[in-house]
Each structure stands twice: as structure tokens, then as C-alpha cells.
Amino acid sequence: MVKLYGFPPSTCTRLVALVCKEKEIPYELTPINLGKGEQKDPSFTAIQPFGQVPYIDDDGFILYESRAIARYLIKKYPNQGTSLIPTDPKAEALFEQAASIETFNFNAFVAPIVFEKVFKPRRGLTPNDARVSELLASLESKMDAYELILSKQRYLAGDSVTLADLSHLPYGAAFYGAGFAEVFDKRPNLSRWWKDISSRPAWLAVKDGA
């Protein structure tokens with residue numbers, strides 16, 4: 001069984017758990033308490049030298065970085081659960097294109113907004129609202145491009161859901177719930193896509209914790 005070491009509410013830990021649910025891969029979670037700094041303990045950094053969660057132990061194979069873990073699990077178990085990464089060269093290229101879109105046109109803006117509006121207040125810190133406004137203005141134009149893409153196809157890489165779509169969920173859900181729902185809801189195709197991916201049973205199973 002895959003052993004997952006992570007902080008249950010963390011975005012990256014939940015992404016790995018989400019993939020496990022979609023692929024019907026049993027996993028055993030070992031919670032790492034970030035509040036107590038357990039990720040910086042020498043016993044942890046001996047395995048994950050950056051002191052970040054999550055990492056997995058798959059029968060002695062250690063892997064960290066949630067995007068790498070997700071790809072590894074999907075490719076190791078191609079014949080169970082949801083496919084998530086196509087094998088046809090052209091379809092896989094479109095998946096990689098969509099994955100880059102998520103990284104550079106969504107996460108690059110949404111993650112720092114979530115940091116300012118969700119994570120900072122939890123630590124008793126004051127958000128930088130000017131920074132949020134700047135990020136949000138840039139994100140709006142990116143979401144216009146999403147709207148155009150999704151007006152022509154069901155998902156970002158075509159008409160089948162892939163890891164590129166699901167990778168939006170952990171940060172996207174925090175963003176949506178932090179008062180930014182209108183960014184999605186005012187664009188009909190983007191809204192339709194978001195409702196689709198955010199209502200998947202695998203996400204509902206992990207959205208509150210891996």
C-alpha cells in the first residue's frame with residue numbers, strides 16, 4: 001500500500017489523495033503536523049530535504065513533489081480508475097499543454113491570492129490587498145482565455161477529464177471559497193467546468209482533508 005506522508009488539509013497533500021481516489025489506489029496517511037514544524041524535523045528532512053509535504057513511500061520507493069507523485073501514480077496504475085493522462089501522443093501533448101496552462105496561467109496567480117487571503121489571516125497576519133488586486137487583475141484575463149477554450153471542449157485538454165483539470169481543485173476551491181466565486185460564476189463555460197470537476201466524488205472525499 002502507498003504510504004502518504006502529509007498534512008491532511010494541505011493543498012498538495014490533498015492533490016495526491018485526490019489522484020489516489022480517482023485511480024482507486026489504497027493509501028495509508030501518516031499525518032505531518034505543520035503547526036508543530038514536524039516537516040522541519042531532521043528525520044523528515046533526511047527524506048524530504050526541502051522540509052515540505054507530501055512525500056510517498058511506495059514499497060520503498062520514495063518520491064516527493066505532488067505533481068511528480070500524481071504523474072507517477074497515474075502511470076503506474078494505467079488500467080484502474082480514471083485514466084487522467086492520455087497515452088496517444090497527440091492527446092498526451094494536449095494534456096501537457098493543459099498542465100502548463102494550469103501551472104503558469106492559474107496556479108501562479110491563485111496560489112499567492114490564497115496565501116494572502118486565507119493563509120495569512122490564519123497566522124494572524126494582514127493580507128496585502130494591493131498585491132491581491134494586482135494578481136486578480138492579471139487572473140481575470142487568464143480566465144477569459146479559459147472561457148474561450150472551454151466554449152469549444154468540455155475540459156482543458158479535450159473532452160475527457162485529465163490531471164490538468166483536477167490540479168486546479170485544491171487551490172481553486174480555497175480561492176472560490178475566499179470570496180472570489182464570481183471569477184468563475186460570471187463566465188458560463190468556466191462555471192460549468194468548475195462545477196463539473198468540483199463535484200467529482202473523488203474530490204468530495206478529500207476536499208476537507210486527505
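**Exercise 1. Determine which residues of the largest nonpolar core touch the most other members.**

Start from the definition: a nonpolar core is a set of buried Ala, Val, Leu, Ile, Met, Phe, Trp, Tyr and Cys residues joined through side-chain atoms within 4.5 Å, where buried means under 20% relative accessible area with a 1.4 Å probe, protein chains only. The largest such core has 55 residues, and Leu73, Tyr146, Phe175 and Trp193 touch the most other members. Its largest share, eleven residues, comes from helix α4 (residues 89–122), helices being DSSP runs of H or I with at least four residues and strands runs of E with at least two, numbered from the N terminus. A second, separate core of five residues includes Ile32, Phe44, Val53 and Tyr55.

The model is predicted: local features need pLDDT of at least 70 and side-chain atom pairs count only at pLDDT 80 or more, whereas totals for chains, interfaces and linings use all residues. Residues are numbered from 1 along each chain as its sequence is written, and side-chain values use heavy atoms, without hydrogens and water.

**Exercise 2. List the residues in contact with Trp193, leaving aside its neighbours within four places in sequence.**

Taking contact as heavy atoms within 4.5 Å, one finds Tyr146, Leu150, Arg154, Tyr155, Leu156, Asp165 and His168.

**Exercise 3. Work out the order of the four strands in the open sheet.**

Counting two strands as paired if DSSP finds at least two bridges between them, the order is β2-β1-β3-β4, with mixed pairing. The edge strands, β2 (27–31) and β4 (61–64), each pair on one side only. Strands β1 (residues 2–6) and β3 (residues 55–58) run antiparallel and are joined by three bridges; Lys3 has Asp57 in β3 as its bridge partner.

How values were computed: Buried means under 20% relative accessible area, exposed over 50%, partly exposed in between (1.4 Å probe, protein chains only).
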